[in-house]
Amino acid sequence: MSNRILTVALGNDPADLILKNGRVVDVVTESIYDGDIAIVDGLIVGVGKYDLGKKVIDLKGAFVTPGFINAHLHVESSMATPEDYCVEELKWGVTTLVTDPHEIANVAGARGIRYMLEAGSSMPVNYYVQLPSCVPATPFENSGTVMHTKDMILCMDWPGVLGMGEMMNVPGVLNQDTEVMQKLQAFRREGRPIDGHAPCVSGKELTAYVGQGITTDHESISWNEAKEKLRNGVAVWVREGSASRNLQDIIAGAIKDNVSFRRMGFCTDDKHLADIRKEGTVRSMVLQAVKLGVPVCTALAMATFNPAQVYGLKHLGEIAPGKQADLVVWDDLENLKPLYVFHKGEDALAKMQEVQKRKIPSGLLNTVHLADFTQKDLCMAWDEKGEYPVMELLPGQIITGKSFVKGKDITKRLQDGSLAYISVLERHHATGNIGKGFISGYGIKNGAAATTVAHDSHNLLVVGTDAVSMETAVLRLQEIGGGYALASGEHILGTVALDVAGLMSSHGSKELTESLDKISKSAHEMGVPDGVDPFVSLSFMALPVIPKLKITDKGLFDVETFSFIN
């Protein structure tokens, strides 16, 4: 500790900044007390009574909390570049992001990860990366690249890398797949945190999975599932994104059982920029938890102290001497409107305006490479005497149901919007692979929707009622380098250009949100139900690690049996 930090702490020298007359939220004891906060060189040096400061801000009784921590997210899912994304998080008091860039890694590998890390680290936030563990998520699809253990080890010591991202290949763990076990061992050996991904896994399978070093899990959709994971020693991140909203069930169950929240935190996983701009991320989850009955200081600890402890970020997450001065000043704790956001003792909201966006590496542009195809290639073949499996889209969930449709009913159901074709075109290497099937619950009539945001391999996914509309949407995405497209017949009804790896827009958050609002409105007018996000929900239909049925460029996939359906 420097002499100046010591003398300021004793009250003998002026601090760089004093936040005076604040109501300090102590997330360790979960209590609130009056005090001044003295800051030197980006660190908190004292909390109590301080008067000597080069700069003094009178908070007049406003509340001060540590900066919020979003414990697990994919920046790419916002469709904004890291700089634009960080701006929106900072506005709502989030100063620490624990990111998993496996979206861009599936398109561009290590160069994509490095771009995200460097761009995010240029902002006044703590931008951490959990290295993607499953690129691709399974061997049952084609991604832009494959990351082996040796590739991950080369990235482990990059500044900002914490540990391993979500281990989605649960069967690979349980069956002791050589590559999977090598990855886990490499991170366990260094004591790095390892994120889990175990939807609906329970009993001995969960015990065996967790025993391989899993630190966290964010996939619980019910309190019983979350409780079992907590009892197995896993920290549970309560998820509230754009497609998956699990907070209500988990928090209500935890309150009913009167359990401790100390090993629980908040995360968004996947959330649209438009939703973030409306309500924030962690901030909105704190408010929801409090409304359900969680004490406000407990909810604030879940947003700060808890994830910092789990990830070993000892310098973050609390207001105490020696901790980094990441602080948020709120008008009150009922509405959580930030008055100031400090990162390392500096005004983050002012500083972020000075950051220049990084130039997009050329290798992350023009990433849609399709083989030649015909209209007939896009639609599942069927006859009236057959019976076919149907993927059921469920509102508010990324799991799907499973049903069947008789061939004699297909034409009518395509016309009334209760059924649609769904196809995935491999778009990284122009292999010509096209997986085909049927989907219900999407509701679209007389048209098609297409996207290159298709978790996690991010091939080109298209849903539609007819081949002409589907072809129109697909060709539009090929033309613009990826994004969203909405078509009816030969007419394009809406486009969102995501030119960076087919996942993010380089054009700024305002233009992005405007185009997203417009295309979403058009999709709903075409029949997509109000409870379904037209493109976020669609993007998870290609993720073959979430039950029950999913589709990849290799075909329709049964996640419960981990096998393709003929």
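**Exercise 1: a strand and its neighbours**

In this predicted model, Thr451 stands opposite Tyr484 in strand 23. Find which strands are joined to strand 21, and decide whether the residues on its two faces are buried or exposed.

Solution. 
1. Start with strand 23, residues 483-488: four bridges join strand 21 to strand 23, and the two run antiparallel.
2. Turn to strand 22, residues 460-464, which is also antiparallel to strand 21 and is joined to it by four bridges. Here Ala450 has Val462 as its bridge partner.
3. Take the faces of strand 21, residues 448-451. Ala448 and Ala450 lie on one side, Ala449 and Thr451 on the other, and all are buried. Buried here means under 20% relative accessible area. Both faces of strand 21 are therefore covered.

**Exercise 2: a helix and its cover**

List the buried residues of helix 8 and name elements that cover them.

Solution. 
1. Within residues 223-231, the buried ones are Trp223, Glu225, Ala226, Lys227 and Lys229.
2. Their cover includes helix 7 (203-210) and helix 9 (247-257), along with strand 11 (216-217), strand 12 (235-239) and strand 13 (264-267).
3. Just past the end of helix 8, Gly233 has a positive phi of about 90°.

**Exercise 3: enclosed space**

How many cavities of 30 Å³ or more are there, and what lines the largest cavity?

Solution. 
1. The count is seven cavities.
2. The largest cavity holds about 70 Å³ of space.
3. Its lining has 15 residues; His74, Asp269, Asp270, Phe540 and Leu543 lie nearest the centre.
4. Sorted by class, the lining has seven charged, four polar and four nonpolar residues.

Technical notes
Residues are numbered from 1 along each chain as its sequence is written. This is a predicted model: local features need pLDDT of at least 70, side-chain atom pairs count only at pLDDT 80 or more; totals for chains, interfaces and linings use all residues. Side-chain values use heavy atoms; hydrogens and water are left out. Buried means under 20% relative accessible area, exposed over 50%, partly exposed in between (1.4 Å probe, protein chains only). Two strands pair if DSSP finds at least two bridges between them. Contact means heavy atoms within 4.5 Å. On a 1 Å grid over the protein atoms alone, a cavity is a set of points where a 1.4 Å probe fits but cannot get out, and a pocket is an open set with protein on both sides within 12 Å along at least five of seven lines; lining residues have an atom within 4 Å of a point. Grid points are joined across faces, edges and corners, and a volume is the space filled by probe spheres set on the points. Ala, Val, Leu, Ile, Met, Phe, Trp, Tyr, Cys and Pro count as nonpolar, Asp, Glu, Lys and Arg as charged, and the others, Gly among them, as polar.
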